[in-house]
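Please study the sequence and the structure shown below. Then work through the exercises, comparing each solution with the display.

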Amino acid sequence: MLEKHLEILEFNKVLELLEDKAAFEETKLKIKMLRPCTCFAEAQKLQEQSLCAQTLILRYAEPELISFGTLSPILCRVSGGAVLAPKDLLSINMLLKTVQNLVVWSKNFADLDVALTRYFNELRPLKALSATIDTAIISVDEISSAASGALNDVRSRIANTKEQIRGTLEEFVRSSANQKYLQESIVTVRNNRFVVLVKSECRNEVKGLIHDTSASGSTLFVEPVGIVQQNNRLRMLLVEEHKEIERILQALSEQVCEQLENIQNNHRLLIFLDVILAKARLAISMDGLSPKLTEDGIIDLKKARHPLLPKGEAVPIDICVGGDFSLLVITGPNTGGKTVTLKTVGLLSLMAMSGLLIPVGEDSVVSFFDHVLADIGDEQSIEQSLSTFSGHIKNIVDIFEVADGKSLVLLDELGAGTDPVEGAALAIAILEELRARGCRAIATTHYTELKTYALVNSGVENGSCEFDIKTLQPTYKLSIGVPGRSNAFAIAQRLGFDAKLIAVAKTNLDESSVVFENVLHELNEIKGDLQEQVAQNQQLKKHLNAEHADIQGQKRALREQEEKLVAEFMTQAEPLLQLIEDSFDTVAAEIREIKQTENINELERLRNRVRGDLAVCRKFCESKKNSTALQGSKEPLKKGDLVLIESLQKEGILVDMPNRDGVVTVRSGNMVTKLKISQLKRIEKPRIQSVMPRVGKKFTASRGVKNELKLLGLSVDEALTELDRFVDDAVLAGLHSLWIVHGKGTGKLRAAVHEYLRSCAVVKSFRLGRFGEGEDGVTIVDV
């Protein structure tokens, strides 16, 4: 890809935006060298990686990346056996911590087979080395005493020696005999040796070594002779400390060297991944998408925006070339967006070929080209004695040297800057040559001859940047299929040009030009009306589709509700039917045993009748299973309705109608409470007993069966008989929650009740009452 054309299309400015999204300095250097791929497969791979990174960031947020400076020179020195400074080791440690952060982040998608998985898997955290550096180095100029036992020991001795020296000197400066010789009664340090401040005129009164003088010369920094040996000992300890630090740095450098291959690989992967993550960050900032990348020369951009223009200012355009036509001639007014359109197509193509996501709508298509060639802008050059026309021609000559069937050519103001007749003829010849070579080309112009050329030649299409005649303002929208008008008179009028002069200018137009422009005007008006109608139809279609989707959703919801109600009904009915069926044979056997001397045929007739009744019940259940009649009741609640207290998940009876505040009284067992009617839900029970003929007193569902049984004052045998009858009636009545009041007493009756409930097949669970429910004196049963 020729650098000149990249510069014309401002590809370097996109790279500057990309640099701002990079986390590492070395990444920015790599981005400066980024160029469009020369291989289609490589471009596809880069697109996939960028899209993957964008998806991961949007789903899992960004990983924490710690800048580690420029690491390449440091790693180079390590490979040569150099001892690294603390600053260098800290840089390496920051790289390792960044690797650790990325490894942790990649665990979010460890089970997914994404385009970047293998790169994250190649990272080596080297936690042991990182921990060693953390322990040893505090900052760029400080080594931790924990780095080694020897360093900790020598620093302890240094601290003790300094304390001794300071104590000796403080005693010296406090002495009344010495204070008259001292400038100030303080202890300080010069050249790592402790000194006192002596007046210059008293230099002979204080015996010692002079290490420095003040700027004025009035003060001498003197090391008293009495602490010379102590200072010498301190100096030796400092030398020992320095040697130990050098040894520690040497050891750390050797550990780094041992892991040099892993560190270099980590460094390479971090730069590589940071480039991809920077592309993803840039895509997110400009709402970029991954276009479909092809090799067939077709460009089909939908809602494309120029990436260097602010999102709120750029007008999205739809543009295509390379399908039904290979050349597109764009006309329209100045400042109408023709040049921006050229740059948008060219720059988005370069970005897509570089693995960058681009600001376009879904289903956009970009073709891979060997060359993207552009002649845009004023090429005047005083130094090279080039006029505007000469500059354009020179660029086109250069373009013809490389243009072929795998080239995208963008020409701005083709044929301008010279005699219009000759310029138009030359422009047509240029387009013909590009068409003959199989190029995909987009050219902008004001020449009527080029509009006509596009109308009469296959493979060439007109396009126009729209202009609103009413507001005398460009809309910056692109239309394909209709040539545009230059609207020079309208623009001149908008800019304040004399209306009389405009009228005179119109009389000077060639008649054929006037006719052509009028036809264009009528075509544009017709097209505007059609576009408005299409927009209305699309809006209507969208509304109808929304209504259709809403209706379908309602139908699905009704079906699901129906299925749920049927399933609930069958769940409730089947156990009841099974219980009745199991009981009939037992009842018949008992009757046969008790009345052996009576008419057995009559007994069998009764048994057959019972089985017929069961068949009726079965038929009822099957009909309900296939029926749509089971719907939730929408009738208002009324006194006596069975309701569910949703907050407690308990059943109750509605005692009265709601007052003006919507509050009702509900009785649930022994508990009576006030509740909002919105907290209640009607319980609809299938009325199986209404279709069941009576087969005997014991098996007839009692009307008005209560859900509470009081056993107080009864013996155990009497209580169990009543309890057995109560449970049967409750099951037949469709009740689910039963209250058995047995009292507390000695607990004998309660134990017998519980023993019966454990052996009863229809009992799902039971429990003692809670506070407010009767506690140990009540058992609550679910059947």
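A residue is called buried when its relative accessible area is under 20%, exposed when over 50%, and partly exposed in between (1.4 Å probe, protein chains only). The model is predicted: local features need pLDDT of at least 70, side-chain atom pairs count only at pLDDT 80 or more, and totals for chains, interfaces and linings use all residues. Residues are numbered from 1 along each chain as its sequence is written, and side-chain values use heavy atoms, with hydrogens and water left out.

**Exercise 1.** State what share of the residues of the chain counts as buried.

Solution. The chain has 783 residues. Of these, 41% count as buried.

**Exercise 2.** Determine whether Leu431 is buried or exposed, and list the residues that it touches.

Solution. Step 1: Leu431 is located in helix α15, which covers residues 420–437; helices are DSSP runs (H or I, at least four residues), numbered from the N terminus. Step 2: Leu431 counts as buried because its relative accessibility is 2%. Step 3: leaving aside residues up to four places away in sequence, Leu431 touches Leu327, Val329, Leu414, Ala443, Leu450 and Tyr453, where contact means heavy atoms within 4.5 Å. Step 4: between Leu431 and Ala443 there are 8.5 Å from C-alpha to C-alpha, and they stand 12 residues apart in sequence.

**Exercise 3.** Locate Asp296 and classify its accessibility.

Solution. Step 1: Asp296 belongs to the loop between β7 (292–294) and β8 (299–304); strands are DSSP runs (E, at least two residues). Step 2: Asp296 counts as partly exposed because its relative accessibility is 40%.
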